[in-house]
Amino acid sequence: MSPAGPAWPRLLVLQALWALLVVLLAPWSLWAIKNTQECTWQVVLNNFETVGKKDASDRFVDQEPLYTVDKVFSLLVDSPIDPDEVRGLVSGKRERSWTCTPLGSGHLPTLSLQTYLGFPYYLKINYSCKGELFNLIPRYFVNVPSRPLWYTVDQTPVFILGGIPEEKAILLTDTNFKDFSLVELSIDSCWVGSFYCPHANFTATIYDAIATESTLFIRQNQLIYYFTGDYTTLHESNHGSERWVRVLANECIKKLCPVHFHSNGSEYVMALTTGKHEGYVHFGTITDGRVSFELLPRQRSVCSGILVVNCSITWAVFIAGDYNLLLLVEIEDPSTRKYFQVVSYDLVSDYLVVLYTIPEFIPDARGLEFLMILGTESYTNFPMVPKAMSYNPYNNLLFIWGNFLLQSYNSENFIYLADFPKELSIKYLVNSFYGDMAIVTETEEIWYLLEGSYQVYKLFPSKGWEVHVSLQVMQQSSLYAPSETMVTLFYEDNKLYQLVYLTDNQQGRLVKRLVPVEQLLMYQQISNDYLLERQGSHLTLSFTNLCPFTVMRLRDLPNPLIYTRQERYRAQPPRVLEPWGFHSDNSLAVYQGLVYYLLWLHSKYDKPYADPVHDPAWRWWKNKKQDQVRGEGGESVGGPSPDPPSPSPCPGFVFAPHPVPQDYYFYLASNWRSAGGVHVDMASYGRIYDLKAENELPERIFLDKGTSYRFSVFLTAREPEPLHGASFQVQSRVSLAVVLADPGCIEAVVKEKVLVNRNSVLFWVTLSDKRFCFDQGIRGHHLMKTSMLVKVVGSSGHCFQNTHQGPRMQGNLMVPLLIGCPPGKRLAFDITYTLEYNRLQNKHYFDCVQVDPEMPCFLFRDVFYPFFLIQDLVTGDSGSFQGSYVLKVVGGGPTLDTIKEYSEEDIYRFNSPLDKTGSLIWTTRNATTTEDSAFNILSHNSLGIEWLCMENSPCHDTIPHSIFASEFFFKVLVSNRGVDRSTYCDYQLTFLLHIHGLPLSARRAFLILTVSASLFAGLVILYVISCLLSPYVVKVCNVLCWKINNIIAWESYTYSTASNTRDFSNTSGTKSGESSGGISRVASKVAEENKTDTKKTWRKKSIS
């Protein structure tokens, strides 16, 4: 069981009020050691009141304010992060509420860094909502048959298990049954009974239960319910019924069939009907929490398709890779007995075909381990009673089982495994999908089978089990009791586990315990293969070792990162400055904040322009290195200072106004005087790229087109006898076989070298993809499942290696292979090399006036040479993209705010060389086009791009917004879909390209030229006219001024003399007339003098 998906920003797991209980047992003295020993962190989510209690595990349902880490991070002045950034990341608002995460979203607060990021620490936060817990009374489990656990492998966040007698209850767990809840379901339990639905006994028991990533399915009687909602409402009587949806209400469902793997972005479940729709399958599809069912076959029933009157579908298996259904059909023929057939139904073509008819009786193997069913063999009197089928998509191995076991690699030719006794009947199979399988019979016996072999081993009850239980009782193990009832059997991390109800001293409990398969096989081998020989007067005991080799080693293993696709970080916990060395709530809050900050950087990284170092957290590492360099020179990050920190020039850091060397903080930590009581060593945080293989094959291998995986196997033979020469002895006793599930898609080359002097053989194995079995796909999706089995002949079930974790089986190595586009690879715009190459080819480079370092500009008239990188975020490698691609302009605008998306029709007009509307934005001199000649095909050797911006294109006649040249932002789509034959990856990159210096249209340029010329000519003419007319204008102005002055002077003189003349107004008329005449003569004389002065002034100006 794994977390549903890495949606870290929505989980907000590390914001909770609850602490992560982590106890480090490393003493303070080990802190000075650089290479400390690896520790396993077991993290649980607890309330503060229960921190430190044994096996404490709280479940929360109430919404409470969260504990923020502001106060803690504010003390860490020497932390390698920006407290403001972490504060906003971890806490966001000052208070938030914790709620149960919806099941429908496909995400649970279950965080496993090991699964998604490959952290060296197993940091897992498990969360369960409070339910109405029932008492585990004995009648729920004692003498109750075990039942299978059905779920979607590697996707399901929770497990559910039904089968509680006469109770509408299920066992619910999100910790693989480390803890669990017995929850009652609020379902209506309506009974479907009519003439078309066969009557059966009514019961409240839930028989079939299936858990997918986003939905839970159950069957009660003949009804199906599915649940999509919050865990808080799962058990509530008033809201639970609203969440449980009854589907196929008018159908009689007799059985649910699981589909163990998701595919095509969906999950699946199948419901087998009885009654009116006998012979049909309801095929359910779950996509993003939405459930839909389709009745199959579409045209006619299976009975009609295989030309029989009466038939019933017993089981169904969905093969997602072929989009095909395999149906186990029971046929009732009135003239003969019942018999079974394997029928194939193609969901695409709606075609039915009979693949195989199962024999009516069990074959007589006559002492053989297996028997190929050819139709010529003899049979016993035991009838074959098929019950179901099981399919492994990795090795294409199909099992049909009942009171027998048939296996086939092509669903047509079957092998009978004779080691399984025909007197028993199989109840269900448990497949690890990694090469081994457990079998549970109706009598609760457990058998074991290695896929690829033909021997079936009995694990329980057996002599080996008795020895194991006796040893466990001697050690007073709490996992075993005199009275036991197995509830279910399942695989976790390739190990087999039991869920068992134990009754001891009238106390019942439900426990999860490991089934030690290797130890049981060893005990069984020792008890069966021994020999008593008499030597003298006493007997000696000797054992026969059936393993053909004594030593098996894997060598020359490559770096696993490139094949497992797991990104790995190193994030050491903060050092606690306390004598006892235990972590406190402050140190735990700091550590969870730092880890969550790493996850946030990882999920946020999606830049179309290639970074100098393509690491999701490259800013952190870059700034950290810069800080260390500054610290060596007397400057450093942080430092105790009363002044507030200054803004950081680099994102993610706080630079104090008074830098202090980094050694100073190490000195403080060594003397237990660091701020906050914890110390974060910045040098302990980093990416891990040089991971070495630990002498074992990876958990899975991703293969891209034409890639290969190479390793060697060293085998030392066991005590050869001198018969036909040393070389013949070694080769005859040690043989290596490589079995491929799809030899048409992958190939294996094995070379051997016999080391006679060491009695050993060295095998080199090279596994390669054949380059034509998979189409292009997006990274990490729609991968083809296949496998490789490396097998030493004669070693199955006989060879074991003792390790510190117990015995481990050797000689049978099954590795799943995933063919397609590996996750973690991306296409990025190589801006650095593009700038250098464009400067070299165009002999110059002109950036925009306003320089943007994140988006450099390119000149319109220059030929544009784009280059791209393939960045591997897992291994840290990067290289130039050497494949072919199609470049399209899919949007654009003169500014960032006005960018708009273009329609499909516009994209064709703007980018296709076949366009005749004058709408092309760009062109190239390359002659290579797609098959329909619609678009140009480019590569790293292309002749470049010439910008056109023709008349009907959106960038034509762009009006500048300032005095500088026009600019335009192109939204460019680059895709290699259908044109690149070098990889299975369907790379698609969308980025913005800033072009400046766009020319104006001829019409607008002529208009601007005309207007500009007209304005210039007008200004020139105005200047000339002003120069020619200026003397006359001045003369007119002077005359006007003279007249105005005369008028003013006249008025002033008249006003000044008016008062003097009043005294003589009463004299004689003669005297008055004389006075009046005198005044007139004086005024005339003054005017004449003024006129003479004006003429003189004009003459002087003319002469000058």
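**View A. Cys773 is partly exposed, at a relative accessible area of 24%.** Buried stands for under 20% relative accessible area and exposed for over 50%, with partly exposed in between (1.4 Å probe, protein chains only). The model is predicted: local features need pLDDT of at least 70 and side-chain atom pairs count only at pLDDT 80 or more, while totals for chains, interfaces and linings use all residues. Residues are numbered from 1 along each chain as its sequence is written, and side-chain values use heavy atoms, leaving out hydrogens and water. Cys773 is joined to Cys745 by a disulfide, S to S 2.1 Å; a disulfide is a pair of cysteine sulfur atoms within 2.5 Å. The torsion about this S-S bond is about -80°, so the disulfide is left-handed. Cys745 lies in the loop between strand E44 (736-740) and strand E45 (746-755), and Cys773 in the loop between strand E46 (760-769) and strand E47 (784-792), so the pair ties together parts 28 residues apart in sequence. Helices (H or I, at least four residues) and strands (E, at least two) are DSSP runs, numbered from the N terminus. Cys745 is buried, with 9% relative accessibility.

**View B. Cys821 and Cys985 are joined by a disulfide, S to S 2.1 Å.** The torsion about the S-S bond is about 95°, so this disulfide is right-handed. Distant parts of the chain are linked here: Cys821 is in the loop between strand E50 (812-819) and E51, and Cys985 in the loop between E59 and strand E60 (988-998), 164 residues apart. Cys821 and Cys985 are both buried.

**View C. The sulfur atoms of Cys848 and Cys857 are 1.8 Å apart, in a disulfide.** With a torsion of about -105°, the disulfide is left-handed. Cys848 is buried at 6% relative accessibility, and Cys857 is buried at 2%. The structure holds 6 disulfides.

View D. Cys1041 is partly exposed, at 41% relative accessibility.

**View E. Tyr609 and Phe829 form one of the aromatic pairs, of which the structure holds 43.** Their ring centres are 5.2 Å apart with the planes at 90°, so the pair is edge-to-face. Rings of Phe, Tyr and Trp (its six-membered ring) pair if their centres lie within 6.5 Å; planes under 30 degrees apart count as stacked, over 60 as edge-to-face and the rest as tilted. Tyr609 lies in the loop between helix H10 (585-604) and helix H11 (618-632) and Phe829 in strand E51 (residues 825-829), so parts 220 residues apart in sequence are tied together. Both Tyr609 and Phe829 are buried.

**View F. Lys512 lies over the face of Tyr497, 4.7 Å from the ring centre.** A charge sits over a ring if NZ of Lys or CZ of Arg is within 6 Å of the ring centre and within 35 degrees of the ring normal. Arg555 lies over the face of Phe714, at 4.3 Å from the ring centre.

**View G. Thr958 is placed in the loop between strand E58 (945-947) and strand E59 (966-975).** Thr958 is buried, at 7% relative accessibility. Its side chain reaches the backbone oxygen of Cys955 at 2.8 Å. Leaving aside residues up to four places away in sequence, Thr958 touches Pro894, Ser966, Glu967, Phe968, Leu998 and Leu1000, where contact means heavy atoms within 4.5 Å.

Methods:
Polar contact = N/O pair within 3.5 Å; in protein donor to acceptor, adjacent residues only side chain to side chain.
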